[in-house]
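Visitor: I would like to learn how to read the features of a model like this one. Please take them one at a time.

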Amino acid sequence: ACFISLSIGTSVGTIVALTPVAAVLAEKTGIDLAFMVAIVVGGSFFGDNLSFISDTTIASTKTQECVMRDKFRVNSMIVVPAALIVLAIYVFQGLSVTAPAHTQTIEWGKVIPYITVLGTAIAGVNVMIVLLVGAIMSGIIGISTGSLDLFGWFGAMGEGITGMGELIIITLLAGGMLETIRYNGGIDFIIERLTRRVSGKRGAELSIAALVGIANLCTANNTIAIITTGPIAKDIARRFHLDRRKTASILDTFSCLIQGIIPYGAQMLIAAGLANISPLHIIGNLYYPFTMGIFALGAILLRYPRKYS
């Protein structure tokens, strides 16, 4: 789940792909279904939060005017330790689980597009080129291996573009609404209220975290929450001389935290629908979003990473 979401930049796509697999694994091994689905959800948010081609990464870096690679460095210092702790817990709990014998050969060639997208993104290649290279390589390998034909490749790309249509419309509406609020003095009012009792960088970063968290609770969409609050966070960062790279990380991390623990978010509803269980059962088994939230809050309070604080 971590690898796929990191490569394709979408938590929803990862959940759709892996939740049926998790359901079968839960049945074969006798593990609680909600727990297995929660593992998929947690891993999908890990990759979505870090991926170079994730809409949350693009939104947070664009609104804060920083480089994706720099935001990735700051973000990884905060969330990777949390992921390692959760991994250790899973390993410990999995020692008592007997897995079924492996009977299928892995087709490593089909993994090449994922690795290419991940490698070129880390190398700092423009996100549009990364997406184009990934789409072309997936088509070439898919057609050569017989996994899809030419029209199936075009159809998959069309579905991807169509799936982004609603987000584009909402983004335009959110941008227009935000500019209307700014024109009438609403942005200045919000900043003044949020920072009235703030006297330092720690308080300013906490106010940004609270702002994007509240926006996410209201919109149930982490990307829209970042787009809506990003300009406000940028103004707060300018006023209190915050590092834009850490501000972008805070926006992305805390929006993913809230998105990962609300039962009415798209990711949770899709996972619950595919597994035919309640979203509340999944939330009760989630480790990663809560652990990530603790580390993100600690990064603000303890001024970590020091270089970006």
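**Reading a helical model**

Guide: Start with Asn 49, which is buried, with a relative accessible area of 0%; buried means under 20% relative accessible area, exposed over 50%, and partly exposed in between (1.4 Å probe, protein chains only). This is a predicted model: local features need pLDDT of at least 70, side-chain atom pairs count only at pLDDT 80 or more, and totals for chains, interfaces and linings use all residues. Residues are numbered from 1 along each chain as its sequence is written, and side-chain values use heavy atoms, with hydrogens and water left out.

Visitor: Where does Asn 49 lie, and which residues is Asn 49 in contact with?

Guide: Asn 49 lies in helix α3. Helices (H or I, at least four residues) and strands (E, at least two) are DSSP runs, numbered from the N terminus. Contact means heavy atoms within 4.5 Å. Leaving aside neighbours within four places in sequence, Asn 49 is in contact with Thr 57, Lys 71, Asn 75, Val 79, Asp 252, Thr 253, Cys 256 and Met 292.

Visitor: How do I read the packing of two helices? At what angle do the axes of α3 and α5 cross?

Guide: Axes are lines fitted to C-alpha atoms, for helices over the stretch in contact, and angles run from 0 to 180 degrees between N-to-C directions. The axes of α3 and α5 come within 10 Å and cross at roughly 165°. That makes α3 roughly antiparallel to α5; angles under 35 degrees count as roughly parallel, over 145 as roughly antiparallel, 65 to 115 as roughly perpendicular and the rest as oblique. The crossing of α3 and α5 is left-handed; a crossing is left-handed if the near helix is turned anticlockwise from the far one by less than a right angle, and right-handed if clockwise.

Visitor: Which residues make the contact of α3 with α5?

Guide: From α3 they include Phe 35, Ile 39 and Asn 49, and from α5 they include Lys 71, Asn 75, Val 79, Tyr 90 and Gln 93. The residues of this contact divide into 9 nonpolar, 4 polar and 1 charged. Here Ala, Val, Leu, Ile, Met, Phe, Trp, Tyr, Cys and Pro count as nonpolar, Asp, Glu, Lys and Arg as charged, and the others, Gly among them, as polar.

Visitor: At what angle do α2 and α3 pack?

Guide: Helix α2 (residues 11-29) packs with α3 at an angle of about 155°, with their axes 9 Å apart. That makes α2 roughly antiparallel to α3. The crossing of α2 and α3 is right-handed. Among the residues in contact are Ile 15, Leu 18 and Ala 22 of α2 and Met 36, Val 40 and Asp 48 of α3. The contact of α2 with α3 divides into 12 nonpolar, 4 polar and 1 charged.

Visitor: What describes a pair of aromatic rings?

Guide: A pair is described by the distance of the centres and the angle of the planes. Rings of Phe, Tyr and Trp (its six-membered ring) pair if their centres lie within 6.5 Å; planes under 30 degrees apart count as stacked, over 60 as edge-to-face and the rest as tilted. By this rule there are 6 aromatic pairs. Phe 35 and Tyr 90 form an edge-to-face pair, 5.8 Å centre to centre with 85° between the planes. This pair links distant parts of the chain, with Phe 35 in α3 (residues 33-50) and Tyr 90 in α5 (residues 68-94), 55 residues apart. Both Phe 35 and Tyr 90 are buried. Trp 153 and Phe 154 form a stacked pair, 5.5 Å centre to centre with 15° between the planes. Phe 35, Tyr 90 and Tyr 287 form one aromatic cluster.

Visitor: Which residues does Gln 93 touch?

Guide: Not counting residues up to four places away in sequence, Gln 93 touches Phe 35 and Tyr 287. Gln 93 counts as partly exposed, at 34% relative accessibility.

Visitor: Why is α4 described as largely enclosed?

Guide: Helix α4 (residues 55-64) is largely enclosed by the rest of the structure because 7 of its 10 residues are buried. The buried residues of α4 pack against α3, α5, α12 (222-240) and α13 (244-261).

Visitor: What should I know about backbone angles?

Guide: Most residues other than glycine have a negative phi, and most peptide bonds are trans. Phi of Ala 220 is near 55°, a positive value, and Ala 220 lies in the loop between α11 (201-219) and α12. The peptide bond from Tyr 304 to Pro 305 is cis, with omega near -10°.
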